[in-house]
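The following exercises are to be worked through with the sequence and the structure in view. Each task is followed by a solution in steps.

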Amino acid sequence: MDQTYNVAIIGCGGISHMHAGWYVNEPRTTIAAISDIDEDRLKAYGERYKVDRQYTDFVKMLETEDIDLVSICTRPKHHAPLVIEAAKHGIKGILSEKPMAENLGQGREMLETCQEHGVKLAIDHQVRFSAPYQHARQMIADGAIGDIFRIHGICGGGDLKDNATHTVDLMLYVYGDRPISWVIGQIERIGTPTKYDLHSEDFAVGYFKFEDNVRGIIESGNDTAPGYHHIYCYGTEGEIELAAPGGPGFRYRTQETGGVWMSPELPSEVTPIHDMIDAIEEDREHRSSGYQGYATLELLMAIYESSRTRRRVQLPMEEMESPLTLMIEDGWV
């Protein structure tokens, strides 16, 4: 008989309902306890998902309940401290919302703490589990479009740490999560924009090089080319287009198709929770592991750092604070 896993959800706002849906539909999990500082929201959430064990103090919840998996669904500035604290309470896996953290220093501490306590950490870049991006990754790995030489990602609307963190993560994912050598970028910030309590920007563009010399371009913000998680993969023998504006989620054309766009049958999907359980039981990393989340965060921070220093940024980055925060503190933006 399959092992069952007790789940705790920290933060009962909008995004937490996506997590709850995954757990409700996963036969190996039970939502055992929930935590939120807002008592009315906590009560309503408990009634909706039939969870009696409710806490306004998440530490007390973790000390009291027998919990295997934790979902962290709070505002971004709380992701790092909650992951770090939760990892110390004998749990097996944490699925934390994106962005991973405010800066690389926090991200590194999250990874180190989870590793020390034997906890599987995943960052909820859940679009990695969408069939079009899975299929694109496999086609590229199989050489279906020849040797890939450029990936262009577009995230219309939102800033780097919010919506575009998905787009950047998907660009890395479809190309096999290969390492990045350097990044150059620029941002535009008008006034004092914030998003979910973090400093934000209005527009950003980044250009980067994978270690094998393939190039990536990411544009995000309020004046991008049309598209949302729209990714174009260029190869020597064909092209793949994902989330084409007004078009299909996946299409490709190659020499074999005579240059005609084709939309193939796509693979089945699993949820991040399904993969978390498999990662625990198989003792492997989650598809959206904390290490992949850190790589995505590092690329975003490198765009800020390039804008701050007016130069290319070699990876791994040395600056552990958010370069956007440093620019704001210095009065540059």
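A residue counts as buried when its relative accessible area is under 20%, and as exposed when that area is over 50%. The model used throughout is a predicted one.

**Exercise 1.** Locate Ser 322 and decide whether this residue is buried or exposed.

*Solution.* Step 1: Ser 322 is found in the loop between strand 16 and helix 10, the latter spanning 323-329. Step 2: the relative accessibility of Ser 322 is 5%. Step 3: the cut-off for buried is under 20%, and Ser 322 therefore counts as buried at its 5%. Step 4: leaving out residues up to four places away in sequence, Ser 322 touches Glu 102, Asn 103 and Met 301.

**Exercise 2.** Carry out the assignment for Ser 307: in which helix does this residue lie, and is it buried or exposed?

*Solution.* Step 1: Ser 307 belongs to helix 9, which covers residues 290-309. Step 2: because its relative accessibility is 2%, Ser 307 counts as buried. Step 3: apart from neighbours within four places in sequence, the contacts of Ser 307 are Gly 185, Gln 186, Ile 187 and Met 327.

**Exercise 3.** Describe the sheet by the order of its strands, and identify its edge strands.

*Solution.* Step 1: the sheet is open and consists of 8 strands in the order 15-14-13-7-12-11-8-16, with mixed pairing. Step 2: strand 15 (250-254) and strand 16 (313-314) are the edge strands, each pairing on one side only. Step 3: strand 16 pairs with strand 8 (residues 180-188) in the antiparallel sense, over 2 bridges. Step 4: Val 313 of strand 16 is the bridge partner of Val 183.

**Exercise 4.** State which strands helix 6 and helix 7 lie across.

*Solution.* Step 1: helix 6 (residues 131-141) lies across strand 7, strand 13, strand 14 and strand 15, and runs at about 165 degrees to strand 14. Step 2: helix 7 (residues 164-174) lies across strand 7, strand 8, strand 11, strand 12, strand 13 and strand 14, and runs at about 165 degrees to strand 7.

**Exercise 5.** Characterise the packing of helix 7 and helix 9.

*Solution.* Step 1: the two helices pack at an angle of about 115 degrees, and their axes are 9 Å apart. Step 2: the contact involves Thr 165, Val 168, Asp 169 and Leu 172 of helix 7, together with Gln 292, Ala 295, Thr 296, Leu 299 and Leu 300 of helix 9. Step 3: by type, the residues of this contact comprise 5 nonpolar, 3 polar and 1 charged. Step 4: the crossing of helix 7 and helix 9 is right-handed.

Notes:
Residues numbered from 1 in each chain as written. Predicted model: local features only at pLDDT ≥ 70, side-chain atom pairs only at ≥ 80, totals over all residues. Heavy atoms only, no water. Pairing = 2+ DSSP bridges. Helix = DSSP H or I, 4+ residues; strand = E, 2+ residues; numbered from the N terminus. Contact = heavy atoms within 4.5 Å. Axes fitted to C-alpha atoms, helices over the stretch in contact; angles between N-to-C directions. Buried < 20%, exposed > 50% of the residue type's maximum accessible area, 1.4 Å probe, protein only. Left-handed = near helix turned anticlockwise from the far one by under 90°. Nonpolar A, V, L, I, M, F, W, Y, C, P; charged D, E, K, R; others polar.
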